[in-house]
Amino acid sequence: MASEDPIDAPALPPTLLDLSTYLLSRIGKTARGRLAERLAERGLRLWDMAVLAALADFGPQVQRDLVRRLGLDPSDLAKVADQLAAAGHVERARDQADRRRVSVSITAAGRELLAELDALARAVQDEVLAPLDAGERQVLQSLLLRVHQGAGARRSGP
């Protein structure tokens, strides 16, 4: 049985529709699912894009730092880095001073792939945000960023 798209679901209880956190969860699930489907068509996952984005935005990273930055399990990150390296999208190198440290950097091919994935993600974003005009989208982005930053400041753990 195919899963139903939350946005196209039957009418929900008004009590839930009155909760911004509930709406954020539903819309987020829909958006993430659509993006994950598009990435899967290319044999990729959201973590592949996240690793490439972190490396493009912050430069070469030690795997341990990527784990903390992205909230990914160390063994999962190792698998993602292995797959991206095998495809030529990242390079991994052991630190000469500390052989336990592995640095990961994005390649030119990885930057090209990230640009394609960013365009794909923006197309999904346009689908999800279709009911909003450009000004409303800017306001929503600004508000979501503030909420995200506030939630991060209140977080008790890593």
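Contact here means heavy atoms within 4.5 Å of each other. The structure described is a predicted model.

The chain has 158 residues, of which 25% count as buried. Its secondary structure comes to 7 helices and 3 strands, and these follow one another along the sequence in the pattern α-α-α-β-α-α-β-β-α-α. The C-alpha trace spans about 60 × 35 × 35 Å along its principal axes. The accessible surface comes to about 10700 Å², and 55% of this surface belongs to carbon and sulfur atoms. Among contacts between residues at least 6 apart in sequence, 51% join residues at least 24 apart.

Helix α2 covers residues 20–40. At 1.5 Å a residue, its 21 residues should span 30 Å, and the end C-alpha atoms are 29 Å apart, which agrees with that expectation. Buried residues in α2 are Y22, T30, R34, L35 and L39. The cover over the buried residues of α2 includes α1 (14–17), α3 and α6 (108–128). L23 also lies in helix α2, but its relative accessibility is 32%, so L23 counts as partly exposed. Together with L17 and I27, L23 makes a nonpolar surface patch of about 220 Å².

The largest nonpolar core has 25 residues. Within this core, the residues with the most contacts are V51, L52, L55, L66 and L117. Two or more residues each are given to the core by α2, α3, α4 (63–70), α5 (74–86), β3 (102–106) and α6. The largest share, 7 residues, comes from α6. For V51, when neighbours within four places in sequence are left aside, the contacts are with L66, L70, L77, V80 and L84. One of these partners, L66, is itself listed among the core residues with the most contacts.

Helix α3 (residues 46–58) also holds D48. The relative accessibility of D48 is 2%; the cut-off for a buried residue is under 20%, and D48 therefore counts as buried. Not counting residues up to four places away in sequence, D48 touches V80, Q83 and L84.

Notes:
Residues numbered from 1 in each chain as written. Predicted model: local features only at pLDDT ≥ 70, side-chain atom pairs only at ≥ 80, totals over all residues. Heavy atoms only, no water. Helix = DSSP H or I, 4+ residues; strand = E, 2+ residues; numbered from the N terminus. Buried < 20%, exposed > 50% of the residue type's maximum accessible area, 1.4 Å probe, protein only. Expected span 1.5 Å × (residues − 1). Patch = residues over 30% accessible without salt bridge, like charges linked within 9 Å, V, L, I, M, F, W, Y side chains within 5 Å. Areas by Shrake-Rupley, 256 points an atom, 1.4 Å probe, with all protein chains shown as cover. Salt bridge = Lys/Arg side-chain N within 4 Å of Asp/Glu carboxyl O. Core = buried A, V, L, I, M, F, W, Y, C linked by side-chain atoms within 4.5 Å.
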